[in-house]
Amino acid sequence: MSLLHSVRTETNLSVLKTACSNCNLNELCLPIGLSEEEMIRVDEMVALRRKVRRGEHLYHAGQEFHAIYAVRTGFFKTDVLMGDGREQVTGFQMAGELLGLDGIGAEIHSCNAIALEDSEVCAIPFSNLEEFSREIVTLQQHFHKVMSREIVRDHGVMLLLGTMRAEERLAAFLLNLSQRFTARGYSPADFYLRMTREEIGSYLGLKLETVSRLFSRFQDEGLLSVQQKHIRILNIVGLKKLMNPARSGA
């Protein structure tokens, strides 16, 4: 290895201390198996890191699409404004997940993205992503998997709203959060909700009163311990049985 290459490598390693290759979320939002050279290319693809304060918009519906965003820290919601002025929540995104995919088709964002707590995102210009994906096949395959995952998630929401009873919807929502926190190394049974009861209701197609009543019912039945936004799942098997009422004898 030449001295010049060694110096460049040391410089790159210094820069990468806060870059993708050294991020503790890279296995969640980047493909596994990239070479060191490919990881450096991916790091170069990230244009900037942007802090978004709680309540601030990352982007607005109707805004021109330029980039997708990897959530580095924090929590977001996406929503659309209905014709009657009501807000319809379409999703919740946490660290390691992507935002902005809604803008790819029409090159205009179709929803709003709002931080539910102080957050930070990595901005990835879509033109760079397309160029690098052509050069790095693994990255292209991974991006296709991400797109597929989003489609599956949308279908899951449609299933929630179309076929499930109210208690099934909330149980599915809590179990999904549990799985996502587990994937990030956090407790699957002890976590804080970043969203309000009203936002949960909007996402699940339930009234605020119904969501509040179900949380109280789940607590009375020993499934959860609820202290405002602090949730402890006490009986995960019981929550899962709500998703399979036939098995539980219901």
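Me: Two strands count as paired if DSSP finds at least two bridges between them. With that in mind, how many bridges join β4 to strand β7?

Reply: Happy to walk through it with you; keep in mind that this is a predicted model. Four bridges join β4 to β7 (residues 112-115), and the two strands run antiparallel. Within this pair, Asp-79 of the chain faces Asn-112 in β7.

Me: What is the strand order of the open sheet?

Reply: Reading across the sheet, its four strands come in the order β2-β7-β4-β5, with antiparallel pairing. At the edges are β2 (57-59) and β5 (87-94), each of which pairs on one side only. From one strand to the next, the twist averages 30°.

Me: Let me zoom in on one residue. Where does Thr-78 lie, and is Thr-78 buried or exposed?

Reply: Burial is judged from relative accessible area, and under 20% counts as buried. Thr-78 sits in strand β4, which covers residues 75-81. Its relative accessible area is 6%, so Thr-78 is buried.

Me: Which side chain makes a polar contact with that of Thr-78?

Reply: That partner is Gln-93: a polar contact of 3.5 Å joins the two side chains. Setting aside residues up to four places away in sequence, Thr-78 also touches several others, among them Tyr-59, Val-89, Leu-99, Cys-111 and Asn-112.

Me: Now the helices. Which strands does helix α6 lie across?

Reply: Helix α6 (residues 166-183) lies across β4 and β5, and runs at about 25° to β5. Helix α7 (residues 197-204) packs on the sheet as well, touching β4 and β5, but its direction makes about 105° with that of β5.

Me: How many residues has the largest nonpolar core?

Reply: To read a core, look for buried nonpolar residues joined through their side chains. The largest one here has 31 residues, and those with the most contacts inside it include Leu-170, Phe-173 and Ile-200. Elements giving two or more residues to this core include β5, α6, α7 and α8 (208-220). Helix α6 supplies the largest share, seven residues.

Me: Why does this core lie between domain 1 and domain 2?

Reply: Domain 1 (13-159) and domain 2 (164-243) both contribute residues to the core, so it lies between them.

Me: Which residues is Leu-170 in contact with, leaving aside its neighbours within four places in sequence?

Reply: Leu-170 is in contact with Ile-200, Leu-204, Val-211, Leu-214, Phe-215 and Phe-218. There is also a second, separate core of 17 residues, including Phe-65, Ile-68, Leu-129 and Phe-143.

Definitions and conventions:
Residues numbered from 1 in each chain as written. Predicted model: local features only at pLDDT ≥ 70, side-chain atom pairs only at ≥ 80, totals over all residues. Heavy atoms only, no water. Buried < 20%, exposed > 50% of the residue type's maximum accessible area, 1.4 Å probe, protein only. Polar contact = N/O pair within 3.5 Å; in protein donor to acceptor, adjacent residues only side chain to side chain. Contact = heavy atoms within 4.5 Å. Axes fitted to C-alpha atoms, helices over the stretch in contact; angles between N-to-C directions. Core = buried A, V, L, I, M, F, W, Y, C linked by side-chain atoms within 4.5 Å. Domains from an automatic or database assignment.
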